[in-house]
Amino acid sequence: MSRILEVNAMTMDFGGLRAVNKVDISMEEGEIIALIGPNGAGKTTFFNCVTGVYTPTAGNIYITPPGGQQRSIKGLKPSKITEQGLARTFQNIRLFPNMTVLENVMIGRHSRLKAGVLGAILRDRRTREEEEQVIHDSYGILGKLNLERYVNDLARNLPYGAQRRLEIARALATEPFMLLLDEPAAGMNPQETKSLESLILKIRDTENVSIFLIEHDMSLVMSLSERIYVMDYGKLIATGSPAEVKNNPDVIKAYLGEDESA
Amino acid sequence: MTLQDVKKTALASIWFVFLTFPIMVIRVNTITQTVVWRWHNMLYIFLGTFFGGLLWRFALTRRKVGAKPIVQTEDEKAAAAQSAAATTGLKGTVAQLKVRLAEPAVRKSLIAAGLVLVLLFPIFSSLYQTSIMITALIYVMLALGLNIVIGLGGMLHLGYIAFFAVGAYTYGILYRFFDVGFWVALPIAAFFSTLAGILLALPVLRLRGDYLAIVTLGFAEIVRILLNNATGFSGGPAGIRGIPRPTFFGIQMNLATVSIYIYYIIVVAVAVTIFVVWRFENSRIGRALVAMGEDDIAAEAMGIDIARVKLTAFALGSFWAGIAGVIFASRTTFINPASFTVWQSIIVLSCVVLGGMGSIKGVIIGALGLILIPEYLRAFSDYRMLIFGAVLVIMMVFRPGGLIQKKRKAYTFAVQTEEQG
Amino acid sequence: MDFDYFLRLFFSGLTRGSIYALLALGYTMVYGIIKLINFAHGEIYMIGAFTALIMATVFSFTGMPTLAILVLSSLVALIYSSAYGFTIEKLAYKPLRKAPRLSVLISAIGMSLFLQNYVLLAQTSNFLPYPSLLPQVPVPRFLQGIINSQQIIIFTTTAVVMVLLTLLIKFTRMGKSMRATSQDRVMATLVGINVNKVISWTFLIGSFTAALGGILISSFTGQINFYVGFIAGIKAFVAAVLGGIGSIPGAVLGSLVLGMTESFAAGYLSSVYEDVFAFIILVLILIFKPSGLLGRPETQKV
């Protein structure tokens, strides 16, 4: 196993507000880890910094793709970070609502393809082959997530659970080595959460993707993750296995408030 | 529609009579110090807003009830066909007609008939009609080009006419200083307008939608002001005269023949535009552009280089405007800055919006409709811009997708679906 | 260079800036609350000025004293403009509350086009002379020949309006609701603010000040036509962006800066390209400081 992600003392300020405060997080290849914490703890901001939506105020982010060299991705554009092999989903689903399900996944393939405008117009052999390939591949990805039957439906017409899965499918299409899922179980019923759990495990095992979760559903977090990081007010307050974190007094305090623990 | 609604509408009409009173009823002439009272306008406003208001209210309630999903599976289509066959009366006839039109054989023959009609048009119509048709087709081309930026990319571009101007003026200036002809000017002008498109896009790459609207509008104004004032270069407000019409391998033609010739040139140009846009919209970059229009943050997170896609859209959109500009200049043989105001941009925008943003068919129909109808109904031509304004508002409120809604391409998977079943 | 000339340019810039400020307020307030460039705002300014002209001409036949004509016609025009602003919002923007921003922008452009042509068709396409009904006020001796009585009235009126507006927004219930709504519309609804009412009030107030600007500037320039609102509106929007959109002091500052820049650029560089400067400023500010002079930096919510 090798270390694929290393975040060193990362800080993100918005004006006077320090949303993320000197956070260190690392991740090994093939791991499933989770970042938890109360609302407003800075989890999504952390994701946004790693995926390039924001450039962190201080600190650094290094990745080491499996079989590759270590490199810093701090300050890169989100599209470049995706090219490097990090893919994400969003807390509040952000599909392309008026495109079809298949097209949503095809968009995920974008950075792995070459065809330009001229190729599109002339439709030469290479472009044609590439297009056929992308349709085929995308359909294959839909299959893995049980979404085939929606192929040509518009994304916005999908049931909620399917939309969540489509976001994962779209992220997988970018060929990531690391998948960042921002509250994938939000709004799901226990049954859906259960099948999401096995889906995530399946993805990790069959696709060789390491998984980084932000999640509020504790049962999902506890059964899935191998290590858990806990954030509160922008700071990391605990790290460890699910069992360790569950019994950590600081974590209980952060979730339940001062009085309960006293 | 209840009595309550009628009452409310009547009250709203009274409000409009009050609101429009000073502007509609009184007309002052401050030079002669006279006032004309047009009391009859109160009645017109009342009746107009009353019936318009009833329609508006009716459409609003329908909008709330409606909102059917646009995608149809094969089963649903079959069901629709059956129910269409079952229903009688006018509604049934229309529905049946729709089903009939969806049959590939019927569609193909209709398209073929349309093509023949387009090709034979100048032969059986007058010079005047050919000329109107050329204008309409120029707008079709502009609308198709603008559609790339606004329909696919979702970027509100209010300065599109500036690229049309760049095309027209490139030809005008090349002719004026170097005596260059149509066919040589055409590629050069296309190049310059594309370049102008890229130059505009560069500073605005990072701008969000609403700022983009203002900056593009400002850009168009700057171009127009420059043309108006750089007299030595562009001829100033008087413009450039005597721009040559296109020749056929050096042969010059009389007015009637050359009009037909220009007609065919623009037909070919439109055909090429349609072909390119059609291939572009379902290509890798085209899809990326649509995705960016839908959600730029998600698109970027999926590995799309937003800046590059925006540049491509602006460049490709401006290219067609440049070509259309050269054809326009060669047809009128006279250009001046007054042909390239903001309102011309808005006219093209109206064509795109009315027809259906993102839909090639829709945009063509929108442009032909908005340009031809006022030409043939002369009575309306004064009210043209008023109607365009109303069209923009009404379409946005009731049918933001336009008359012909954009349809995403459906892909078929014969083998896989069988396996699945 | 001639110092008097400099001063004249300075005050002419201040005049422009004041008018832009009266217009920019409406843009910035509306943008703050519903995130929309209300393209039709410039048309309200034009309709305000037109209505005042029409009413003043009608009243002039009654033989009233000039001051009474001015007050009455302005009052009617201000009421009417506010009514227009209110109605436009209900027709063209309210049905689009949940629509994508592109749709609302197109609707706004459509409204602007419609109103221009409405006045063009109902009145005239020509420039009409605009009588100055503003009373003569004494000009301080050291400024004689540099500014005139009308300019003094414009500055004072603008200043008074700004102070009143600031008080209104700081201390009244409606002002507080406005600020809350512009921070977070959903939250505002949750704490019981009637957001639709707040939006209506925003349009009423914005239209009122825009029309005031229209009347003042038309009296100053002495002419009007249906098109005066559009370019003035765009420039006022530029001023609002320059100052930091959503910020009221920003709108005022941005307007003054823009007015001055235009005035000096026209006076010392070239008057032909006067309109170009506003757009160049806009592009520069959007590239280098998109949050404007006094605005807070906007962070994208993901």
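Of the 262 residues of chain A, 55% count as buried. Buried here means under 20% relative accessible area, exposed means over 50%, and partly exposed lies in between (1.4 Å probe, protein chains only). This is a predicted model, in which local features need pLDDT of at least 70, side-chain atom pairs count only at pLDDT 80 or more, and totals for chains, interfaces and linings use all residues. Residues are numbered from 1 along each chain as its sequence is written, chains are lettered from A and ligands numbered from 1 in the order in which they are written, and side-chain values use heavy atoms, with hydrogens and water left out.

**Chains A and B**

Chain A holds 11 helices and 10 strands. Helices (H or I, at least four residues) and strands (E, at least two) are DSSP runs, numbered from the N terminus. The radius of gyration of chain A is 19 Å, close to the 18 Å that the globule rule gives for 262 residues, so chain A is as compact as a globular protein of that length. That radius is taken over C-alpha atoms, and the globule rule is 2.2 Å times the number of residues to the power 0.38. The C-alpha trace of chain A spans about 70 × 40 × 40 Å along its principal axes.

Chain B has 18 helices and 2 strands. Its C-alpha trace spans about 80 × 70 × 50 Å along the principal axes. Of its 421 residues, 49% are buried. Contact means heavy atoms within 4.5 Å. Among contacts in chain B with a separation of 6 or more, 75% join residues 24 or more positions apart. For chain A the corresponding share is 68%.

**The interface of chain B and chain A**

Chain B brings 36 residues to the contact, and chain A brings 47 residues. The area buried between them is about 3800 Å², and carbon and sulfur atoms give 62% of it. Buried area is the accessible area (1.4 Å probe) that two parts lose on being put together, summed over both.

The rule finds 5 salt bridges across this interface. A salt bridge is a side-chain nitrogen of Lys or Arg within 4 Å of a carboxyl oxygen of Asp or Glu. Arg408(B) and Glu103(A) meet in a salt bridge at 2.7 Å, N to O. On chain B, the side that touches chain A draws at least two residues from each of helix 11, helix 12, helix 13, helix 14 and helix 18. Helix 12 of chain B gives the largest share, 7 residues.

**Salt bridges within chains**

Over all chains the count comes to 24 salt bridges.

| Pair | Closest N to O |
|---|---|
| Arg227(A) and Glu31(A) | 2.7 Å |
| Arg224(B) and Glu221(B) | 3.1 Å |

Arg125(A) and Glu129(A) both sit in helix 5 of chain A, 4 residues apart, about one turn of the helix. Arg125(A) is exposed at 59% relative accessibility. Glu129(A) is partly exposed at 41%. Arg224(B) and Glu221(B) share helix 9 of chain B, 3 residues apart. Glu221(B) is buried at 3% relative accessibility.

**A buried glutamate in chain C**

Glu89(C) lies in helix 3 (residues 66–93) of chain C. It counts as buried, at 1% relative accessibility. Leaving aside neighbours within four places in sequence, Glu89(C) is in contact with residues including Lys94(C), Arg97(C) and Phe203(C).
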